[in-house]
Amino acid sequence: MIIRAPARIHMSLIDLNGSYRRVDGGIGLALADPQFVLEIEQTESGIVLEFADTVTDTEAIAECEEKIPDAAQKTIEHFNIDSGFKFTVHQTYPPHSGFGSGTQIAVSTAHLITETMGIEVESKELSTIVGRGGTSGIGTYTHDLGGFIVDGGHSKEEKPLFLPSGASKAKPATLIARYDFPEEWNILIAIPEIETHMEGDDEVDVFQTYCPIPKEEVEQVSHLILMNLIPFMLEKDIKNFGWAVSRLQDVGFNKLEHSLDATYLPTMKAIEKAGAYGVGISSFGPVLYTIFDESNADIVEKTKEIIGEKGTVFVTKAQNHGYVIEK
């Protein structure tokens with residue numbers, strides 16, 4: 001049995017102030033490419049992990065070696081399963097890049113085990129079991145549903161502290177809305193070459209040191225999402241959708257990210273100046289994204305020139321469905 005789970009871009013957190021009795025919340029989008037592809041075989045006992053010859057990224061391999069056995073063990077213990085499993089990773093993508101690999105790896109592992117054992121369970125519960133989704137629900141819901149996701153975060157009673165998903169014990173965020181993303185829109189992914197990733201204790205420090213962010217910026221982010229980004233998407237107004245993406249970089253948690261690490265700003269501004277409708281960063285980066293159509297298709301070659309040979313640029317689409325299991 002094989003599972004194929006979409007990567008995602010996380011476009012913005014919504015409320016890291018908490019004055020309105022909730023925290024977190026976010027928006028994001030499932031991608032048709034790249035995909036996390038994992039195979040399972042039932043065995044008598046133990047957990048075995050192998051990698052296909054096509055999987056060569058050492059950081060991705062290390063993340064799988066950490067997260068797959070951990071998620072498998074938690075799932076086995078939760079459901080009191082008396083069996084072993086062999087996993088083979090066929091395809092993955094770089095960790096700590098903005099694609100959401102951690103959640104897809106952990107939830108896909110749990111999903112394969114429950115499917116193999118004939119246990120029916122929603123991804124939200126699986127995320128809780130494997131310890132994912134404590135800040136953002138985007139990974140959980142893009143795994144299940146695909147498309148454009150809006151999640152409502154957590155109540156302050158459930159989550160009194162500002163923490164990233166990897167350090168939060170809260171349950172996955174509440175789903176507010178899920179929309180099909182325009183299939184005729186192309187998504188350009190640009191990944192500049194970088195030396196370090198934001199992760200672990202550094203990420204925790206950002207949340208605990210710089211939050212709460214100003215309430216008026218939370219209000220601006222909420223307005224941009226509710227009254228600009230989503231309506232423009234539903235109206236298929238690609239230029240104004242891009243405008244809203246760019247404006248979201250100037251307020252809230254995205255603004256905080258850019259103030260702490262301005263590495264990406266010159267690249268983002270250069271891509272926008274080259275004719276992009278708008279440019280955003282996914283999570284802490286380095287994944288950058290823009291939406292384009294046939295009117296500005298030359299943005300692909302222009303972005304390749306900006307990013308250079310050591311970076312990565314490719315075109316994908318939104319995926320308007322969740323994971324796929326092949327038996």
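Predicted model: local features only at pLDDT ≥ 70, side-chain atom pairs only at ≥ 80, totals over all residues.

Trainee: Why is H2 called oblique to H4?

Mentor: The axes of H2 (residues 101-116) and H4 (residues 138-145) cross at roughly 50 degrees and come within 9 Å. Under 35 degrees is roughly parallel, over 145 roughly antiparallel, 65 to 115 roughly perpendicular, and the rest oblique. Therefore H2 is oblique to H4.

Trainee: Which residues of H2 and H4 make the contact?

Mentor: Contact means heavy atoms within 4.5 Å. H2 gives Thr 103, Gln 104, Val 107, Ser 108 and His 111, and H4 gives Gly 139, Thr 140, Thr 142, His 143 and Asp 144.

Trainee: How many disulfides does the rule count?

Mentor: The rule asks for a pair of cysteine sulfur atoms within 2.5 Å. The count comes to 0 disulfides.

Trainee: What makes Cys 64 count as buried?

Mentor: Buried means under 20% relative accessible area, exposed over 50%, and partly exposed in between (1.4 Å probe, protein chains only). Cys 64 has 0%, so Cys 64 is buried. Cys 211 has 9%, so Cys 211 is buried too.

Trainee: Why is Thr 267 called buried?

Mentor: Thr 267 has 17% relative accessibility, so Thr 267 counts as buried. Thr 267 is found in helix H9 (residues 265-273). Not counting residues up to four places away in sequence, Thr 267 touches Pro 192, Leu 288, Ile 306 and Ile 307.

Definitions and conventions. Residues numbered from 1 in each chain as written. Heavy atoms only, no water. Axes fitted to C-alpha atoms, helices over the stretch in contact; angles between N-to-C directions. Helix = DSSP H or I, 4+ residues; strand = E, 2+ residues; numbered from the N terminus.
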